[in-house]
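These are my notebook entries on a two-chain model. I looked up helix packing, then domains, then the relation between the chains.

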2 protein chains.
Amino acid sequence: MEQAGCRSDQFWEKGIKRSILTKAGLSVTELSGVEPNPRIESVRKGVALCHTHKIDMVLAVGGGSTIDCAKVIAAGACYDGDAWDLVLDGRKIKAALPIYSVLTLAATGSEMDSFAVISDLSKHEKWGTGAQALKPRMSILNPEYTFSVSQKQTSAGTADIMSHTLENYFTPVRSAYVQARMCEALLKTLIHYGPVALEHPDDYEARANLMWVSSLAINGLVSSGADVTWCVHPMEHELSAFYDITHGEGLAILTPFWMDFALREETAWKFAEYGRNVFGLTGDVDMAIGREAIAATRAFFRQMKLPATLHEVGIDGTHFDMMAQKAADGCKGSFVPLSAEDIKSIFTAAL
Amino acid sequence: MEQAGCRSDQFWEKGIKRSILTKAGLSVTELSGVEPNPRIESVRKGVALCHTHKIDMVLAVGGGSTIDCAKVIAAGACYDGDAWDLVLDGRKIKAALPIYSVLTLAATGSEMDSFAVISDLSKHEKWGTGAQALKPRMSILNPEYTFSVSQKQTSAGTADIMSHTLENYFTPVRSAYVQARMCEALLKTLIHYGPVALEHPDDYEARANLMWVSSLAINGLVSSGADVTWCVHPMEHELSAFYDITHGEGLAILTPFWMDFALREETAWKFAEYGRNVFGLTGDVDMAIGREAIAATRAFFRQMKLPATLHEVGIDGTHFDMMAQKAADGCKGSFVPLSAEDIKSIFTAAL
């Protein structure tokens with residue numbers, strides 16, 4: 001039986017021995033060097049390997065980029081055409097090779113969802129796709145595998161999980177009460193353990209809680225029934241598509257500026273709920289608590305040593321018009337309406 | 001294809017038409033009148049029906065009693081011996097017919113777990129059993145099906161869900177942080193919506209949130225990794241086994257008295273966490289907040305019009321020695337150690 005291993009570099013050396021697979025009688029074909037913001041070129045390489053070696057299943061060993069790449073490879077292997085079609089339109093994914101993962105970075109939650117994000121940097125395109133067939137059959141989450149994650153990636157991963165949770169939390173549907181309370185549970189966990197993991201990378205308790213939240217934030221638990229439409233992710237995808245920056249850092253930069261934009265009289269109740277239930281803020285005036293909650297969000301990202309402006313990650317206003325135009329499509333129906341102009345103003349504020 | 005329907009009485013009239021099944025080409029054999037605290041006699045009847053009619057799958061239409069009964073029927077149909085064996089020892093459950101459910105009462109969470117509780121009242125025995133094969137393949141949770149649930153059952157159901165959550169919450173494992181925060185999310189939801197459902201039985205939002213929490217409290221989400229051992233349930237099972245009282249009412253009576261017993265210097269941190277995060281209590285002294293949290297728990301059950309003492313449900317001290325002896329086995333390893341003597345003292349306090 002042939003098995004394709006998509007892996008991040010130097011992974012097997014971390015203690016997971018490739019020989020476990022070969023000893024189990026599996027023959028392994030490896031695709032190494034999957035990039036952050038995984039690219040369609042890697043997917044195409046993987047699909048070709050699947051055809052050449054008649055691969056039966058795909059094992060991703062790495063973080064979200066590796067898993068996302070593995071997912072689209074698995075679907076591409078069952079598709080008669082270019083895999084980019086599947087990125088542009090998830091409905092074209094009718095089948096995929098069985099997908100498994102060994103997670104080495106708490107961040108995207110790809111280990112427990114049916115989505116993947118792939119970039120074609122030659123076109124400045126970064127799109128998410130999804131299909132039931134992309135959900136991993138099994139993922140191994142061993143917190144010890146994340147002990148060696150760098151400070152930068154620990155921070156960016158935590159910001160990514162935080163953004164997933166916030167995207168699911170900021171919905172106008174007030175009746176999704178238990179979902180909102182669970183979002184707050186996840187947010188409190190991130191705020192509690194993010195700094196611990198940064199300070200003590202081998203703290204099992206911190207790594208375990210972060211890892212579990214990475215899956216719970218995005219597996220449908222806190223979004224089902226809450227009529228959620230994400231908007232910070234579509235905006236960030238344009239940053240990564242044009243500048244190939246670290247996804248979690250882009251989210252950490254944009255989130256507070258989106259909050260500044262979204263806080264207004266009619267949304268103040270939600271920001272106040274966030275402030276009271278996540279940061280323990282007190283007071284009677286929703287708008288005031290909302291502003292404090294945004295400040296607390298900024299302070300948390302600062303504590304996590306994340307960048308706070310686009311300048312810090314080398315982005316200027318050159319492409320804002322085109323980026324905002326493309327992002328606007330993905331933001332339709334989000335918590336507050338966002339026109340291309342609104343998005344450009346958020347990008348500009350974040351400079 | 002034959003299908004067994006275990007149902008609570010008068011259910012089909014609620015809008016779920018038996019004809020849906022027959023129109024789909026299924027032939028249906030019905031077992032009606034499953035009792036609260038479902039009995040082994042009903043299980044045996046169901047198993048006999050399965051054999052006689054060569055049943056292929058079991059559909060439970062009702063609350064937890066109906067689903068529990070259906071589960072053990074499904075296992076009994078695949079077991080060469082008396083079904084009571086399977087209640088006494090879940091390891092004997094090697095297979096079961098496929099189980100499906102349509103839930104009509106938010107309470108036990110049986111719709112999303114692999115457990116069942118069956119009684120043999122002739123022997124004053126009530127035991128839980130469990131096996132992977134008992135997990136329903138699919139459960140339909142439509143909150144509207146619970147609009148007609150009585151005040152008494154709405155209160156008892158809410159107390160049951162609250163007890164499941166508290167049993168999972170009171171663990172000595174401090175590192176199960178995200179699990180604890182999610183327990184608090186569920187508890188807040190119960191406290192928020194229990195009284196609403198009592199007052200407005202057809203409030204969709206309240207019924208939907210309670211129904212979803214009934215599943216989440218017990219499906220493993222908040223207990224996995226938290227090294228949980230339940231103790232109030234084993235104690236309550238003795239009340240029901242000897243006096244056939246409503247399970248949720250027994251839990252509402254015992255829970256605060258167990259808390260009185262369990263609150264002490266070394267456990268005060270957990271009770272204070274409960275008080276601060278669930279009831280919003282403030283203060284620096286853990287013991288004081290713990291006591292206030294127990295009082296708040298009692299007040300909530302009172303608001304839900306639940307009984308507060310054993311006398312109110314017709315129980316006196318006659319069988320306490322035997323009941324405490326039997327319960328002690330099930331409580332081994334719980335949050336605070338409980339000897340038979342301790343349990344008797346809790347029963348006595350609850351008189």
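**Entry 1. α8 and α9 of chain B**

I began with helix α8 (residues 232-243) of chain B, whose axis comes within 9 Å of that of α9(B), the two crossing at roughly 130°. For the axes I used lines fitted to C-alpha atoms, for helices over the stretch in contact, with angles running from 0 to 180 degrees between N-to-C directions. Helices here are DSSP runs (H or I, at least four residues), numbered from the N terminus. α8(B) and α9(B) are therefore oblique to each other; under 35 degrees counts as roughly parallel, over 145 as roughly antiparallel, 65 to 115 as roughly perpendicular and the rest as oblique. The crossing of α8(B) past α9(B) is right-handed, a crossing being left-handed if the near helix is turned anticlockwise from the far one by less than a right angle, and right-handed if clockwise.

I then listed the residues of this contact. α8(B) contributes Val232(B), Met235(B), Glu236(B), Leu239(B) and Ser240(B), and α9(B) contributes His247(B), Gly250(B), Leu251(B), Leu254(B), Thr255(B) and Trp258(B). Two residues are in contact if their C-beta atoms, placed from the backbone, lie within 7 Å. By class I found 6 nonpolar, 4 polar and 1 charged residues in the contact of α8(B) with α9(B). Ala, Val, Leu, Ile, Met, Phe, Trp, Tyr, Cys and Pro count as nonpolar, Asp, Glu, Lys and Arg as charged, and the others, Gly among them, as polar.

**Entry 2. Conventions**

I noted that the model is predicted, that local features need pLDDT of at least 70 and side-chain atom pairs count only at pLDDT 80 or more, while totals for chains, interfaces and linings use all residues. Residues are numbered from 1 along each chain as its sequence is written, and chains are lettered from A and ligands numbered from 1 in the order in which they are written.

**Entry 3. α9 and α13**

In chain B, helix α9 (residues 247-262) packs on helix α13 (residues 340-349) at about 125°, with the axes 9 Å apart. The crossing of α9(B) and α13(B) is right-handed. Leu254(B), Phe257(B), Trp258(B), Asp260(B) and Phe261(B) of α9(B) meet Asp342(B), Ile346(B) and Ala349(B) of α13(B). I counted 6 nonpolar, no polar and 2 charged residues in this contact of α9(B) with α13(B).

I looked up the pair in chain A too: α9(A) and α13(A) pack at an angle of about 125°, with their axes 9 Å apart.

**Entry 4. Domains of chain A**

Chain A has domain 1 (2-141) and domain 2 (150-349), with bounds from an automatic or database domain assignment. Their C-alpha centres lie 26 Å apart. Across the boundary, 17 residues of domain 1 of chain A are in contact with 20 residues of domain 2 of chain A. The domain 1 side of this contact holds 8 nonpolar, 5 polar and 4 charged residues.

**Entry 5. Chain A against chain B**

How many residues of chain A are in contact with chain B? I found 15 residues of chain A in contact with 15 of chain B. α6 (177-199) and α7 (204-216) of chain A each supply at least two residues of that side, and the largest share, 10 residues, comes from α6(A). The chain A side divides into 7 nonpolar, 4 polar and 4 charged residues.

A rotation of 180° with 0.0 Å of shift along its axis superposes chain A on chain B (RMSD 0.0 Å). The two copies are thus related as by a two-fold rotation axis. The superposition is by least squares on the C-alpha atoms of residues with pLDDT of at least 70 in both. Of the residues of chain A, Met182(A) comes closest to the rotation axis, its C-alpha at 2.8 Å.
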